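Look through the sequence and the model before reading on.

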Amino acid sequence: MEAFIDNLLEFFFILVGVLLAYVAFNVATDKAHPARLGTSLFWLIMGFIFAAGNFIPSNISGALLLVVGVLTITKQVKIGHVKEVKESEAQASSEKLGNLVFLPVITLAVVAVGVAQFTPLGGQAGIGIGAVASLLIAMLVAKASPKEALEDGDRMVRQVGVVGFLPQLLAALGVIFTEAGVGDVIANAISAVIPAGNPLIGVIAYSLGMVVFTMIMGNAFAAFTVITAGIGIPFVISQGGDPAVAGALAMTVGFCGTLMTPMAANFNALPVALLEMKDDNGVIKEQIPMALIMIVFHIVLMYFWAF
Amino acid sequence: MDFLRLIGILIIVVGFIFKFDTIAVVLIAALVTALVSGIPFFEFLSLMGEAFVNNRLVTLFLLTLPMIGIAERAGLRQQAVNLLEKINGITAGRLFSIYMVFRELAGTFSIRMQGQTQFVRPLIEPMSQAAATTKYGEISEADAEKIKARSAATENFGNFFAQNTFIAASGVLLITGTLESLGYTISAVDIVLATVPVALFALVVVVISNILFDRKMNRKYGRVNQQQKEGK
């Protein structure tokens with residue numbers, strides 16, 4: 001069974017690789033693209049790592065990642081012109097389909113959760129199976145051909161773009177941090193201030209650590225890898241705290257930090273501009289009371305639920 | 001010199017503050033951290049490559065994109081707006097509460113949206129301003145600004161506190177991926193289940209706050225409005 005699940009997941013990763021290679025091909029043949037070579041190479045490398053990562057030596061994948069870094073820092077990777085959905089076409093289609101248009105996304109959620117809960121395949125395979133099943137339903141509902149499916153995939157992948165890989169890269173950074181002992185250094189520094197072995201203090205330190213680091217970095221994902229290794233594991237999970245509950249709540253308490261920081265420009269500065277607000281920090285000020293209530297809620301919930 | 005190992009965090013903070021290219025900043029942080037901690041360059045390449053390949057799961061959501069692309073072209077967002085517009089007889093506070101429910105459900109069903117640009121600016125903010133002026137007549141500039149801020153804040157609340165109720169959300173996959181590299185195997189379903197109370201509690205707080213907001217607006221403008229009516 002283990003081997004079957006691994007093979008199944010590998011198959012899904014190869015599918016992702018094929019999709020990314022298709023994007024690379026489209027960019028390469030797009031004469032109007034402002035950075036054709038670099039962008040195409042970026043998608044090709046990512047597709048290759050996804051499809052072949054398990055069959056090649058790790059140091060090759062590592063070296064390819066550094067090539068990707070050189071491409072992005074020298075601004076050789078650009079979105080280019082992405083064909084937008086025509087508002088009129090979507091409007092006409094929604095009038096025809098009505099609520100049926102929700103069927104594919106509901107299928108994805110139901111199949112992914114169903115496979116995870118009721119089969120031995122697990123949640124990871126569930127997402128892959130859900131993705132494929134819901135794609136078939138979507139093609140059926142919208143009467144889309146495989147070519148249109150690929151084109152829509154290409155458009156979406158390009159829109160998500162380079163930052164779509166950020167969570168995966170941050171997870172890898174977490175591994176390097178662990179290997180280098182970064183978590184130990186933070187844990188040692190924290191334990192000089194607070195005693196280990198007290199779950200309540202551990203929960204408070206983990207939650208506030210997430211909030212403060214997210215406010216500094218403007219990104220809860222980046223804070224999560226560092227703070228979980230440095231505070232979450234030694235002060236909460238090693239003390240007997242449930243890793244799933246502690247991890248899930250640490251992420252959302254981090255979002256409370258996002259609500260209170262000007263560093264998260266997408267969420268807090270963008271609407272100020274869009275709505276032509278007088279006060280640059282108007283959205284943040286509106287969000288602070290809610291963020292504080294939610295922080296207290298997270299601390300209480302993590303303390304009573306994880307232990 | 002143990003603290004030298006924290007240089008990666010410093011690189012990320014500085015890189016994010018000055019908005020350098022994020023992918024490159026993360027890679028540089030990883031490389032520098034490895035080098036100052038005595039991990040040789042070639043071993044770093046192996047470690048980084050292996051860690052990235054082992055965490056491909058975090059980006060598995062790419063496989064759902066063709067489906068979401070088709071659904072978007074088939075009018076996913078337009079139909080969502082239709083449902084929202086059918087609700088009438090509305091106050092600003094009630095509209096925010098309904099949008100909160102809608103936004104949380106959208107997160108659960110992975111309806112991908114840039115809410116601030118796609119919903120708040122074109123729809124929620126103008127509708128809530130209209131609801132207030134229809135009910136109370138003229139409102140003060142401070143209150144109009146308050147309504148703008150609440151529109152934007154509601155979008156962020158709904159987005160943040162419910163996004164991890166979708167099993168393939170990148171946040172969920174990052175949590176399982178990170179914990180797995182730290183030696184704890186957990187299921188994405190457990191992450192979703194642990195997030196559900198957060199989404200529900202956030203909804204309750206937002207709804208109560210909106211009821212209080214409507215009451216405050218009623219107290220402030222209700223009387224003025226009545227006097228105007230009596231005066232006529």
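What share of the 232 residues of chain B count as buried? The model is predicted, and in it 55% of the 232 residues of chain B count as buried.

**Chain B as a whole**

Chain B contains 10 helices and 0 strands. Its C-alpha atoms fill a box of roughly 85 × 40 × 30 Å along the principal axes. The radius of gyration of chain B is 24 Å, whereas a compact globule of 232 residues would have a value near 17 Å. Among the contacts in chain B with a separation of 6 or more, 72% join residues 24 or more positions apart.

**Domains**

Chain B is divided into domain 1 (2–54) and domain 2 (61–231). The C-alpha centres of these two domains of chain B lie 36 Å apart. Chain A is divided into domain 1 (2–73), domain 2 (87–160) and domain 3 (165–306). Between the C-alpha centres of domain 2 and domain 3 of chain A there are 32 Å.

**Where the chains meet**

In the interface, 103 residues of chain B are in contact with 126 residues of chain A. On the side of chain B that touches chain A, 63 residues are nonpolar, 27 are polar and 13 are charged.

| Helix | Number of residues | End-to-end C-alpha distance | Expected span |
|---|---|---|---|
| H2(A) | 17 residues | 24 Å | 24 Å |

The buried residues of H1(A) include Phe12(A), Phe13(A), Val16(A) and Leu20(A). They pack against H2, helix H6 (122–141) and helix H7 (146–160) of chain A. In H2(A), the buried residues include Phe42(A), Trp43(A), Met46(A) and Phe50(A). The cover over the buried residues of H2(A) comes from both chains: it includes helix H1 (2–28) and helix H3 (58–73) of chain A, together with helix H3 (41–54) of chain B.

**The nonpolar core**

In soluble globular proteins, nonpolar side chains tend to be buried together. In this model, the largest nonpolar core has 175 residues. Those with the most contacts inside this core come from both chains: Ile176(A), Tyr206(A) and Leu249(A), and also Val26(B), Met48(B), Leu60(B) and Ile167(B). Helix H11 (residues 220–237) of chain A gives the most to this core, with 13 residues.

Which residues are in contact with Leu60(B), leaving aside its neighbours within four places in sequence? In chain A, Leu60(B) is in contact with Phe12(A), Val16(A), Ile127(A) and Gly128(A). In chain B, its partners are Ala168(B) and Leu173(B). Phe12(A) and Val16(A) are among the buried residues of H1(A).

**One residue in helix H9 of chain A**

Ile186(A) is found in helix H9 (residues 182–193) of chain A. Why does Ile186(A) count as buried? Ile186(A) counts as buried because it has 22 C-beta neighbours inside 10 Å, and the cut-off is 20 or more. Not counting residues up to four places away in sequence, Ile186(A) touches Gly230(A) and Ile231(A). The C-alpha atom of Ile186(A) is separated by 34 Å from that of Gly282(A), a residue 96 residues apart from it along the chain.

How values were computed:
Residues numbered from 1 in each chain as written. Chains lettered and ligands numbered in written order. Predicted model: local features only at pLDDT ≥ 70, side-chain atom pairs only at ≥ 80, totals over all residues. Contact = placed C-beta atoms within 7 Å. Nonpolar A, V, L, I, M, F, W, Y, C, P; charged D, E, K, R; others polar. Helix = DSSP H or I, 4+ residues; strand = E, 2+ residues; numbered from the N terminus. Buried ≥ 20, exposed ≤ 12 C-beta atoms within 10 Å, placed from the backbone. Domains from an automatic or database assignment. Expected span 1.5 Å × (residues − 1). Rg over C-alpha atoms; globule rule 2.2 N^0.38 Å. Core = buried A, V, L, I, M, F, W, Y, C linked by C-beta atoms within 7 Å.
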